[in-house]
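Please read each point with the structure open.

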Amino acid sequence: MTLPFLDNPVKAEQLDPFAEDFLADPYPGHALLREAGPVVRLERYGIWAMARYQQVYDSLRDADTFCSSAGVGISNFHQEEPWRQPSLLLEADPPAHTGVRSVVNRVLSKRALEVLRSSFERKAEAVVESALAKGSIDGFTDLGRLFPMQVFPDAVGIKDPDRSMLLPYGEMAFNAFGPQNALFEKSMENVGEVSAWIGTQCLRESLTDDGLGAQVHAAAEAGEITPEQAPLLVRSLLTAGVDTTVHGLGHALYNLARNPGQWQLLREDPTLGRAALDEAVRLESPVQTFFRTTTREVQVEGTTIPQDQKVLLFLAAANRDPDRWEEPECYDIRRDTRGHVGFGAGIHMCVGQMLARLEADVLFTVLARKESTLELEAEPTIRLNNTLRGYASIPLRITPN
């Protein structure tokens, strides 16, 4: 196969999934990886890769064999020091993972988050009205990024009115899951300042009494977790709750604008707002990849992967696997998306998914009820990241009907 970003035919084993040309258009490479087999050895990094749905899904659900505690990036914590203290959720396995996960599951349960709906709706109304007044907007800046940045920090309970460090922190964290390439180095330029600000916001005294962060600290006061664990869990909220939601909403806006029939479906039935996000997450996968590490020698469809090996799981490739999805490259908000791995699967499934779905439900319901038109004025600009797929801008025109 000849890929559009390469001059000559290439084998799957030769692909560099962290090269900027691959990140700009990963889908041809994903297809090549799926075609190559259930497991591929990527020569450049000496790692294993899986891109077919069944192997990705099964590996995500087998934490005993494919662990997270050695890091969910390319670095192997068994062999090198992580750049920051590992996440108690994303980079931990049972039994250490179990107790802290139960606390966060309770704090971020669908039922618990419903109390936020009315305040989210008020802010969504203001954001959408502002967009309608402008007409020509940047869908990423004026909707996809603006709305989560207005509601999420307040929901967590961050007192500091300047939340500008949240997005650079996410950019840094997700770039760090890949190799130390130019994207990584660029995002780490202000690592000290950004990390210090994030650390301060996770402390109890930096948080309001009625936010999600205070609930995490209350669990420490009740003895469910330790006082040292509480700030790290709040940090996990900040990592999981911003970038993936921002880019998920951006992908949904882009696909609704380029598919007028889908936008019309949402206008006719505003309750499809959550479905609009889930289908965008399946189709575009804001989190493109995550690593696991083998805890033992394991056989996968006839291929032996030794113990303590890094395995790169292509979530985005699995979400477009034609053996799993009918017309996988089509955006259809009526699709049954159950089983997609855009939020992961198994015990490490994304803790922030319910909050992301609430934000999408609220924002797209408001948009649909305005009965506005939504049109793509130009193709979006991709923002490159070693792990995330999202936009720097989405030129849209939104007008009241």
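The numbered points below go from the chain as a whole to single residues.

1. Basis of the note. This is a predicted model, in which local features need pLDDT of at least 70 and side-chain atom pairs count only at pLDDT 80 or more, while totals for chains, interfaces and linings use all residues. Residues are numbered from 1 along each chain as its sequence is written, and side-chain values use heavy atoms, with hydrogens and water left out.

2. Overall form. The chain has 17 helices and twelve strands; helices (H or I, at least four residues) and strands (E, at least two) are DSSP runs, numbered from the N terminus. For 401 residues, a compact globule would have a radius of gyration near 21 Å, and the value of 21 Å for the chain agrees with this. That radius is taken over C-alpha atoms, and the globule rule is 2.2 Å times the number of residues to the power 0.38. Along the principal axes, the C-alpha atoms fill a box of roughly 55 × 50 × 40 Å.

3. Of the 401 residues, 59% count as buried; buried means under 20% relative accessible area, exposed over 50%, and partly exposed in between (1.4 Å probe, protein chains only). Among contacts with a separation of 6 or more, 71% involve residues 24 or more positions apart, a contact being heavy atoms within 4.5 Å.

4. Surface and charge. The chain exposes about 16400 Å², of which carbon and sulfur atoms supply 48%; the areas come from the Shrake-Rupley method with a 1.4 Å probe, and for residues only the protein chains shown count as cover. There are 39 positive and 56 negative charges, and their mean positions are 4 Å apart. Lys and Arg count as positive and Asp and Glu as negative, with His and the chain ends not counted; each charge is placed at NZ of Lys, CZ of Arg, CG of Asp or CD of Glu.

5. Strand 1 pairs with strand 2 (residues 47–50) in the antiparallel sense over three bridges, and R41 stands opposite W48 in strand 2.

6. Strand 10 (residues 381–383) and strand 11 (residues 390–393) run antiparallel and are joined by three bridges.

7. Helix 8. Eight of the ten residues of helix 8 (residues 166–175) are buried, so the helix is largely enclosed by the rest of the structure. Among the buried residues are L166, Y169, E171 and F174.

8. Backbone points to check. Most residues other than glycine have a negative phi, and most peptide bonds are trans. The peptide bond from P94 to P95 is cis, with omega near 5 degrees; P95 is in the loop between strand 3 and helix 4 (96–107). S285 has a positive phi, near 50 degrees, and is in the loop between helix 15 (273–284) and strand 5 (289–294). E301 also has a positive phi, of about 50 degrees, and is in the loop between strand 6 (298–300) and strand 7 (303–305). S285 counts as buried at 0% relative accessibility, whereas E301 counts as exposed at 61%.

9. N319. This residue lies in the loop between helix 16 (315–318) and helix 17 (353–369) and counts as buried at 0% relative accessibility. Leaving aside neighbours within four places in sequence, N319 is in contact with V281, R282, S285, W325, H340, V341 and G342. N319 and A51 are 268 residues apart in sequence, with their C-alpha atoms 9.1 Å apart in space.

10. L90. Like P95, L90 is placed in the loop between strand 3 and helix 4. L90 is partly exposed, with a relative accessible area of 22%. Beyond neighbours within four places in sequence, the contacts of L90 are S68, V72, F177, F290 and H348. L90 and L183 are 93 residues apart along the chain, and their C-alpha atoms are separated by 22 Å.

Technical notes: Two strands pair if DSSP finds at least two bridges between them.
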